[in-house]
Amino acid sequence: MEFNLEAGKHLYDECSTLILPALSIGNVGQLAVDLLVASTKAERVGYLDDPNVVPCVGNDAYTPTPQGDLALPLEAYESPSSALTLIQQRSPVVKGMMIEFAKNLADFAVASGKKHIIILSSLDFGRWQTVDMSSGLQIYYLSNTNVDGSDEKCEKLGWKKMKEYDPNQKLWKYLSTLAEGNVTQDDTSPFEDDLGEEDYYPSLPFAAMFSCFKAKGLKVTCLLCYCSEGDNIPDAFHLAEAACNLAGLTPDTFKGSEGGWVIPFSWQSVYGPPPDMSLF
Amino acid sequence: MEDVLTELPPPSRFFLEELNNFTPPAPPVPSPFILLSNPTSKTPLQPSLFIIAISAPSLYLLHHVSPKTLIGTFILPEVPSSGNSVEPSLKDKSCNLYNISHGGKSVIVANFQYSVSSERSHAIAKTLIGQQIIPERVLILDSVQSRNFRGRISTDDTFAMKLETSVERKGIPLLKKLNYFPSGSVVEGLGAALLGRCQMKNIKATLCVSWPESGGSVTSIVKDLLLKDVLSDMEVKIDADGEAEGLKFGHTNHYLDSELYT
């Protein structure tokens with residue numbers, strides 16, 4: 001992975017917290033990062049060039065009247081006032097290369113001096129084992145602060161540790177060894193038995209990223225919410241707000257028109273054009 | 001009507017294997033490479049303009065541009081060349097490289113007459129630009145992909161739009177009259193990989209996407225752009241009737257495009 005700095009730009013030392021999405025159901029992590037970039041008015045500082053990300057290009061996703069500023073698959077933004085670096089990912093990872101991609105991201109985070117990584121991801125509501133009617137839109141988390149995945153600050157914020165995390169479970173252990181470079185992905189021994197329900201979570205992209213950042217000795221927190229495919233914009237707001245809480249920011253200070261939030265311009269067509277009313 | 005059970009999910013949604021860390025990677029394939037007709041040619045080649053044709057109208061038109069000289073070919077090892085003719089033909093699965101020269105100015109044209117997967121595009125873009133060919137400016141001619149276009153689009157519409165690298169936008173643009181591709185829609189694949197590579201390498205570049213994918217009217221638009229904006233000072237002609245023949249070329253024939261028939 002190569003980092004290409006934009007002309008005239010530099011990385012800010014004070015932006016030691018990195019927020020980035022993990023590909024997941026409903027693209028919630030990516031939508032949340034869109035919201036954070038637009039609302040913190042983060043400026044793009046460069047592009048990440050990785051052969052494991054499918055190429056795509058588009059027009060500026062944020063400015064109200066786009067002037068043709070290119071949007072590429074993997075972009076780095078910084079907001080010095082919020083002390084945040086944000087990476088936005090706009091296209092999928094090449095099949096079978098997720099762990100390689102996660103390792104590359106971890107290398108970039110180390111090279112650019114990041115201290116805390118916040119990964120935003122959603123989970124499939126169809127996999128939710130325990131329906132807790134009192135929890136509403138509960139945020140779940142996974143942290144490497146403690147071996148069992150727990151973190152006091154996250155608990156105080158009212159979040160629940162992802163109970164499906166078990167560092168001794170075969171696939172979580174396998175991910176750790178892959179992330180540490182101690183085994184290659186050719187080793188099929190974890191897959192000799194039939195895959196069970198507990199194998200779903202370590203198979204997800206956020207788990208690969210969590211393991212790779214952890215292997216580099218970086219502090220990493222995954223923020224997770226359950227959702228289904230559909231209009232996932234409310235889920236994005238929820239996850240973005242959680243990220244702000246963890247990073248010590250309040251959306252009111254963003255001065256946008258939606259409770260402080262600024263809606264990215266590209267969201268006007270995120271679910272396609274409106275229906276053709278001439279039919280009626 | 002598409003079968004809702006088996007139709008592909010909308011492009012913003014994922015297949016399960018795309019979200020699985022343990023999906024095995026595809027077997028490695030050999031790297032693509034450029035084969036020049038004259039092995040003693042001075043490299044890297046440094047044309048003032050590098051035109052890469054991907055869309056059916058552009059392939060058709062640039063095949064019929066004259067005068068031009070065949071200078072080499074771009075080899076993608078997994079694309080079989082059996083069935084290709086000795087003389088360049090629009091029916092070949094090939095990517096020939098041509099040179100158009102006039103008054104000290106040199107234009108290289110690459111005609112991509114086979115489709116490439118999005119996953120392979122990054123490697124192709126890296127080989128094509130910045131190694132043996134270092135152009136001053138790049139023009140990529142591709143089509144709008146309806147699955148990635150978030151506006152209302154119909155086959156009755158005919159238009160062309162553009163995206164440009166930052167350094168291209170700072171100067172006088174190559175394609176002056178085109179509007180920008182709208183925000184919220186994306187282009188993927190080889191055209192995107194090429195433009196992205198140019199952006200990272202700080203090369204002036206334009207991606208022109210036209211719609212529909214084939215047909216006489218869109219071929220006329222692209223012909224106009226080539227003759228009036230791109231090659232206006234090159235004294236070339238395009239021996240093609242944009243309206244009539246462009247209508248025929250480019251329609252996908254699923255049987256003839258199959259690798260079974262060579």
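**View 1. A loop in chain A with a residue of positive phi.** A83(A) sits in the loop that links strand 6 (74-79) to strand 7 (84-89) of chain A. Though not a glycine, A83(A) has a positive phi, near 55°. Keep in mind here, and in the views that follow, that this is a predicted model.

**View 2. Where chain B meets chain A.** On the chain B side, 42 residues are in contact with 58 residues of chain A. Put together, the two chains bury about 3900 Å², and 59% of that is on carbon and sulfur atoms. As for polar contacts, 10 residue pairs between chain B and chain A make one, counting pairs with both residues at pLDDT 80 or more. Several elements of chain B give two or more residues to the side touching chain A: helix 2 (118-128), strand 8 (159-164), helix 3 (166-170), strand 10 (186-188) and helix 4 (190-200). Helix 4 of chain B gives the most, with six residues. Sorted by class, this side of chain B has 17 nonpolar, 16 polar and nine charged residues.

**View 3. The salt bridge between the chains.** Chain B and chain A have one salt bridge between them. Its partners are R169(B) and D69(A), whose side chains meet at 3.4 Å, N to O.

View 4. Strand 4 (residues 56-59) of chain A runs antiparallel to strand 10 of chain B, and the two pair over three bridges. Zoom in on V57(A) and you find its bridge partner, V187(B), in strand 10 of chain B.

**View 5. The open sheet of chain B.** Nine strands of chain B line up in the order 1-4-5-6-2-7-11-8-9, with mixed pairing. Strand 1 (33-36) and strand 9 (179-180) of chain B are at the edges with a single partner strand each, so one side of each has no neighbour in the sheet. Strand 1 of chain B pairs with strand 4 (residues 69-75) of chain B in the antiparallel sense, over four bridges. Look for I34(B) and its bridge partner F74(B) in strand 4 of chain B.

**View 6. A helix lying across the sheet strands.** Helix 5 (residues 216-230) of chain B lies across strand 2 (49-53), strand 7 (137-143), strand 8 and strand 11 (204-211) of chain B. Helix 5 runs at about 155° to strand 11 of chain B.

**View 7. Two cis peptide bonds in chain B.** One joins S66(B) and P67(B), with omega about -5°; P67(B) is in the loop between strand 3 (65-66) and strand 4 of chain B. Another joins W211(B) and P212(B), with omega about 5°. P212(B) belongs to the loop between strand 11 and helix 5 of chain B.

Note on methods:
Residues numbered from 1 in each chain as written. Chains lettered and ligands numbered in written order. Predicted model: local features only at pLDDT ≥ 70, side-chain atom pairs only at ≥ 80, totals over all residues. Heavy atoms only, no water. Contact = heavy atoms within 4.5 Å. Buried area = accessible area lost by both parts, 1.4 Å probe. Salt bridge = Lys/Arg side-chain N within 4 Å of Asp/Glu carboxyl O. Polar contact = N/O pair within 3.5 Å; in protein donor to acceptor, adjacent residues only side chain to side chain. Nonpolar A, V, L, I, M, F, W, Y, C, P; charged D, E, K, R; others polar. Pairing = 2+ DSSP bridges. Axes fitted to C-alpha atoms, helices over the stretch in contact; angles between N-to-C directions.
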